[in-house]
Amino acid sequence: MKRTIIAIFIASACVAQANPKLEKRVAELEKEVAELKTALAPVLAEAKEKEIATQQRTEAKKRMRKDSDIYSRDELREIEKLYQVANKQWKSQEGKDSLKELISKYDKANRTGCALLYLGQMSKGQEREEYLKQAIDDFSDCYYGDGVQVGAYARYYLAYHYKESGEPNKADKLFSELEQKYPDAIDHNGNLLRDSIKK
């Protein structure tokens with residue numbers, strides 16, 4: 001069988017060489033295939049990103065379900081209520097206080113990781129760094145409902161904090177961690193987080 005395939009290949013090559021029209025047509029087809037690959041590349045990349053975003057949202061649901069093993073329904077309702085105060089009143093003192101209460105009462109909840117990340121985004125200086133580090137150290141496995149992972153997003157924000165604070169080595173280390181540990185991490189628009197890194 002192997003010999004037959006080799007013989008057919010050699011015969012085809014000989015025919016192509018012996019027939020300039022056939023040789024020209026093969027070259028044209030190869031060019032068309034290359035053009036199609038180029039044209040389809042953005043479509044395939046977009047489809048891949050959508051697939052990754054869907055996968056991340058699935059992981060988020062799995063992580064959120066774990067809270068029901070730890071907390072009662074009433075506790076889960078309170079966790080969500082505390083979280084939503086800040087979600088609706090972004091950067092308000094009431095929102096910050098609600099997040100702090102959530103963190104102090106429910107130290108194993110998925111939303112606690114999101115709350116720390118929110119406080120990190122709302123804060124400045126040393127306070128920002130502390131909230132983001134805590135999110136990374138203790139809540140990297142937490143997710144927002146849209147599939148954004150706390151561990152990846154906290155590293156992203158902390159890296160930019162370091163970059164703006166004149167600590168590029170710390171920033172680069174976090175960017176590298178993000179790219180290596182969380183290659184499929186997404187932002188709130190479903191785009192790959194690693195694609196938005198500007199070192």
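Predicted model: local features only at pLDDT ≥ 70, side-chain atom pairs only at ≥ 80, totals over all residues.
Me: Why are helix 5 and helix 6 called roughly antiparallel?

Reply: Helix 5 (residues 110–122) and helix 6 (residues 125–139) pack at an angle of about 160°. Angles over 145 degrees count as roughly antiparallel. Helix 5 and helix 6 are therefore roughly antiparallel to each other. Their axes lie 7 Å apart, and the crossing of the two helices is left-handed.

Me: Which residues meet where helix 5 packs on helix 6?

Reply: From helix 5 come T112, G113, L116, L117, L119, G120 and Q121, and these meet R128, Y131, L132, Q134, A135 and F139 in helix 6. By kind, the residues of this contact are 7 nonpolar, 5 polar and 1 charged.

Me: What makes helix 3 and helix 4 roughly antiparallel?

Reply: The axes of helix 3 and helix 4 (residues 93–105) cross at roughly 150° and come within 7 Å. The cut-off for roughly antiparallel is over 145 degrees. Helix 3 and helix 4 therefore get that label. The crossing of helix 3 and helix 4 is left-handed.

Me: Which residues of helix 3 and helix 4 meet?

Reply: E78, I79, L82, Y83, V85 and A86 in helix 3 meet E94, G95, S98, L99, E101, L102 and K105 in helix 4. The residues of this contact divide into 7 nonpolar, 2 polar and 4 charged.

Me: How do you know whether C114 is buried or exposed?

Reply: Buried means under 20% relative accessible area. C114 has a relative accessibility of 0%, so C114 counts as buried. C142 has a relative accessible area of 0%, so C142 is buried.

Me: Where is D67 found, and what decides whether D67 is buried or exposed?

Reply: D67 is in the loop between helix 2 (20–66) and helix 3 (73–88). The relative accessible area of D67 is 5%, and the cut-off for buried is under 20%. D67 is therefore buried.

Me: Which residues does D67 touch, not counting residues up to four places away in sequence?

Reply: With those left out, D67 touches L76, K108, A109, N110 and R111.

Notes: Residues numbered from 1 in each chain as written. Heavy atoms only, no water. Axes fitted to C-alpha atoms, helices over the stretch in contact; angles between N-to-C directions. Helix = DSSP H or I, 4+ residues; strand = E, 2+ residues; numbered from the N terminus. Parallel < 35°, antiparallel > 145°, perpendicular 65-115°, else oblique. Left-handed = near helix turned anticlockwise from the far one by under 90°. Contact = heavy atoms within 4.5 Å. Nonpolar A, V, L, I, M, F, W, Y, C, P; charged D, E, K, R; others polar. Buried < 20%, exposed > 50% of the residue type's maximum accessible area, 1.4 Å probe, protein only.
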